[in-house]
Amino acid sequence: MSGLRGREGWAKYRDGMEQRITLITLGVSDLARSKAFYEALGWRGQEVEDTVFFQAGGLGLVLWSHAKLAEDCGLEPGPRAAGFGGIALAHNVRSDEEADALLSVVEQAGGTITKPAAVNAIGFYSGAFVDPDGHAWEVAHNPGFPLAADGSVTIPDFGAP
């Protein structure tokens, strides 16, 4: 907070928070198992002080102890809830075939396919899985959300004709 003590520091937040996410941290029960799962998907991370950091496009995906993450957020860790936790991460791909191939790799790596890929109610191709700790992921080919060469997505202007 010391960097925000002057008028200049607070002024940048007068109108709110910048619209971006820098890190997503997943609370895990077994760091080695979770790291092995994501590495089996082809991700490469760095383990530092019982935490694994993956560069994921323009943000970082972090694996950390569920209990330590809860404590760091000022929350009681409590038991892991069974079922859907209210958040899903998404990985968009460039074709239906790529979605099928990725879901196959996920299954071989130890993930659980919760929804086989198919054309969904909105009209694009998607499937879903959970990682070993039950974190939900969608894998989707949605031509309406074009991917750049680096894999970044641009949210379309839904108000455009």
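**View 1. Surroundings of Asp131 in the predicted model.** In this predicted model, Asp131 touches Leu26, Phe37 and Tyr38, when residues up to four places away in sequence are not counted. With Tyr38 there is also a polar contact of 2.6 Å, which joins the side chains of the two residues. Asp131 is placed in the loop between β7 (125-130) and β8, and it counts as buried because its relative accessibility is 4%, under the 20% limit.

**View 2. Salt bridge between Asp133 and Arg33.** The side chains of Asp133 and Arg33 meet in a salt bridge with an N to O distance of 3.3 Å. This pair links distant parts of the chain, 100 residues apart, since Asp133 belongs to the loop between β7 and β8 and Arg33 to helix α2 (residues 31-40). Asp133 is buried, at a relative accessible area of 11%, whereas Arg33, at 35%, counts as partly exposed.

View 3. Strand β2 (residues 45-48) pairs in the antiparallel sense with strand β3 (residues 51-56) over 4 bridges, and Gln46 has Phe53 as its bridge partner in β3. The hairpin has 2 residues between its strands, and Glu49 takes a positive phi near 50° there. The side chains of Asp50 and Lys68 meet in a salt bridge of 3.7 Å, N to O. Asp50 lies in the loop between β2 and β3 and Lys68 in helix α3 (residues 66-72), so the pair ties together parts that are 18 residues apart in sequence. Both residues are partly exposed, with a relative accessible area of 46% for Asp50 and 38% for Lys68.

**View 4. Other salt bridges.** The structure holds 5 salt bridges, including one between the side chains of Glu18 and Arg20 at 3.0 Å, N to O. Glu18 is partly exposed, with a relative accessible area of 43%. Elsewhere, Lys35, Glu39 and Glu47 are linked in a network of salt bridges.

View 5. Ala136 has its place in strand β8 (residues 136-141) and counts as buried at 17% relative accessibility. Leaving aside neighbours within four places in sequence, Ala136 is in contact with Phe84, Ile87, Ala88, Leu89, Phe129 and Val130. Between Ala136 and Gly16, the C-alpha to C-alpha distance is 29 Å, with 120 residues separating them in sequence.

**View 6. Nonpolar surface patch.** Val153, Ile155 and Phe158 make a nonpolar surface patch of about 330 Å². Val153 is placed in the segment after β8 and is partly exposed, with a relative accessible area of 40%.

Notes:
Residues are numbered from 1 along each chain as its sequence is written. This is a predicted model: local features need pLDDT of at least 70, side-chain atom pairs count only at pLDDT 80 or more; totals for chains, interfaces and linings use all residues. Side-chain values use heavy atoms; hydrogens and water are left out. Two strands pair if DSSP finds at least two bridges between them. Buried means under 20% relative accessible area, exposed over 50%, partly exposed in between (1.4 Å probe, protein chains only). Contact means heavy atoms within 4.5 Å. Patches are made of residues with over 30% relative accessible area and no salt bridge: like charges are joined within 9 Å, nonpolar side chains (Val, Leu, Ile, Met, Phe, Trp, Tyr) within 5 Å. Accessible areas come from the Shrake-Rupley method with a 1.4 Å probe; for residues, only the protein chains shown count as cover. A salt bridge is a side-chain nitrogen of Lys or Arg within 4 Å of a carboxyl oxygen of Asp or Glu. A polar contact is a pair of N or O atoms within 3.5 Å; within protein, one must be able to donate a hydrogen and the other to accept it, and residues adjacent in sequence count only if both atoms are side-chain atoms.
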